[in-house]
Amino acid sequence: MKRTVFLFAGLLLSGTGLWGCGGVQGINAPTVVESQEAQEKKELVLAGIDLDSGICLAVTAFNQLSDDTVVILRDYGDGSGVVSDTVQGRIYGDVINGDIPDMYMMSPTSVWPLDRLNAQGVFVDLYPFLDRDPRISRDDLFSTVLETVQRDDTLFYFPVSYTLNGIWGVPEYCNGNRFPVDRISGLRQLFPQHDMLFGAFTPMDLINMEVSQNPDLYVNWKTGTCDFTSRRFLDTLEAACDLPKYRPAGRKEMMDYAAGVYLLEGRQFFAPYTISDFESYLMKTEDVAFHPYGGDMVSVTLTDSQVVLDIRSAFAITSACGDPETAWQFLRTFLEMEYQQSLPTATAPALPVNVHAFTAETDKLLAENKGTEAGFVRILELVESARAVTGSTDIRIESMISEAVSACFSGQKTVKETARMIQDQVSAYLMED
């Protein structure tokens, strides 16, 4: 793990130029020796994909203040923002070769091969670090978010930010908190004139949501097995084939759909949604034009949870880390108020895991006469209702599923033939691992 530390001259003062910042130089960057003092510092490697400027600035600030440790970046991305099979292959390849970084910063976690890495024993439990921390505790963080992410009371990766994903639905057509997969065909027959019954919800959306929201039902990386021939997957695939194919065409129809006109007209009973910041949510729920998204609608998912957490950023410490305590001292800064308060108003907004940052932002908006107490309470209720997290499968597995179900949707293969094809292809892939 020890290597000579190479930094560009003037780097720590400018806050730019670190490996991977902006994804320009990536993992094969040329290197330059800065000073003897820097060379003597202990290094910790932080790996990520297309690491953003906020992370780079945090690294710079830490390095400026640290007397004995320097964090350097290993960026697996190429700056395109696209996470390819090649990128994931590099991440996993380093693990197999024993070149494991000290820390990971994962944005978002759904594109990372988390279960695959965890099956290799790459991550360490982060709860002991949190429980020893004198300045931040579990009480400062949303317990629901932590508990939803943890496995067997162990927290292998620490959620920093997240969005809430769900489907607004008319209560009488929902199955409690579950999206009524088993009623899609019946509702189509009952309301054949409602071409936007399920909103802009495609057959592939249903399959992707099912697999990503219930990853443990389909792939087990520890045993190297999968199950895509289950009754549940067959039923989901049949239901996906029954989804309406109509979509809004032209600007007016798109605007009508976005404004909830189809809901107001009774042509639409379901509407997928994402909550990533407070103001856009309030606009949809409290503006009169978006009344259909209000109190009469319930939130459902493909799990037993009202919403699913999509973890937008998270960090992890690896079992190969040379100094886990110092790694924690660096990573914990992403949980503190300064960073957490910046999340809802960032270019790509997300919700904070820090309770105090959440409250500070809602209090600020209320003071500016934006939103209502009831609106913010509703968001809080949704956060606290979460019992599921969007998981990652694997890019190659996703590709196998997508190709196979496309043939099913076009009528080239039956549901059972499609499920068997996915089962055989994924099983063969897991055996290679």
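1. Basis. The model is predicted: local features need pLDDT of at least 70, side-chain atom pairs count only at pLDDT 80 or more, and totals for chains, interfaces and linings use all residues. Residues are numbered from 1 along each chain as its sequence is written, and side-chain values use heavy atoms, with hydrogens and water left out.

2. Overall make-up. The protein chain holds 19 helices and 11 strands; helices (H or I, at least four residues) and strands (E, at least two) are DSSP runs, numbered from the N terminus. Of its 433 residues, 53% are buried. Buried means under 20% relative accessible area, exposed over 50%, and partly exposed in between, with a 1.4 Å probe and protein chains only. Among the contacts in the protein chain with a separation of 6 or more, 77% are between residues 24 or more positions apart; contact means heavy atoms within 4.5 Å.

3. Helices α9 and α10. Helix α9 covers residues 203–213 and helix α10 residues 231–242; their axes are 8 Å apart and the packing angle is about 160 degrees. Axes are lines fitted to C-alpha atoms, for helices over the stretch in contact, and angles run from 0 to 180 degrees between N-to-C directions. The two helices are therefore roughly antiparallel to each other. Angles under 35 degrees count as roughly parallel, over 145 as roughly antiparallel, 65 to 115 as roughly perpendicular and the rest as oblique. The crossing of α9 and α10 is right-handed; a crossing is right-handed if the near helix is turned clockwise from the far one by less than a right angle, and left-handed if anticlockwise. From α9, Pro203, Leu206, Ile207, Glu210 and Val211 meet Arg232, Phe233, Thr236, Leu237, Ala239 and Ala240 of α10. The residues of this contact divide into eight nonpolar, one polar and two charged, where Ala, Val, Leu, Ile, Met, Phe, Trp, Tyr, Cys and Pro count as nonpolar, Asp, Glu, Lys and Arg as charged, and the others, Gly among them, as polar.

4. Helices α10 and α19. The axes of α10 and α19 come within 10 Å and cross at roughly 125 degrees, which makes α10 oblique to α19. The crossing is right-handed. Phe233, Leu234, Leu237 and Glu238 of α10 make the contact with Val415, Lys416, Thr418, Ala419 and Ile422 of α19. By class, the contact of α10 with α19 has six nonpolar, one polar and two charged residues.

5. Helices α9 and α18. Helix α18 spans residues 395–409, and its axis comes within 11 Å of that of α9, with a crossing of roughly 140 degrees. The pair is thus oblique. Here too the handedness can be stated: α9 and α18 cross in a right-handed way. Pro203, Met204, Ile207 and Val211 in α9 meet Ile401, Ser402, Val405 and Phe409 in α18. By class, this contact has seven nonpolar, one polar and no charged residues.

6. Ile422. Which helix holds Ile422? Ile422 is in helix α19, residues 415–432. Ile422 is buried, with a relative accessible area of 0%. Not counting residues up to four places away in sequence, Ile422 touches Phe228, Phe233, Met400, Ile401, Ala404 and Val405. Ile422 and Ile397 are 25 residues apart in sequence, and their C-alpha atoms are 8.6 Å apart in space.

7. The largest nonpolar core. A nonpolar core is a set of buried Ala, Val, Leu, Ile, Met, Phe, Trp, Tyr and Cys residues joined through side-chain atoms within 4.5 Å. The largest has 120 residues, of which Tyr104 and Phe179 touch the most other members. Leaving out residues up to four places away in sequence, Phe179 touches Ile167, Ile184, Phe198, Phe201, Leu206, Phe270, Val300, Thr301 and Leu302.

8. Backbone details. Most residues other than glycine have a negative phi, and most peptide bonds are trans. Ser107 and Pro108 are joined by a cis peptide bond, with omega about -20 degrees; Pro108 lies in the loop between β3 (103–106) and α5 (114–119). Asp152, not a glycine, has a positive phi of about 50 degrees and is in the loop between α7 (143–149) and β4 (158–169). Asp152 counts as exposed at 77% relative accessibility. Asp153 lies in the loop between α7 and β4 and has a positive phi of about 65 degrees, although it is not a glycine. Asp153 is exposed, with a relative accessible area of 61%.
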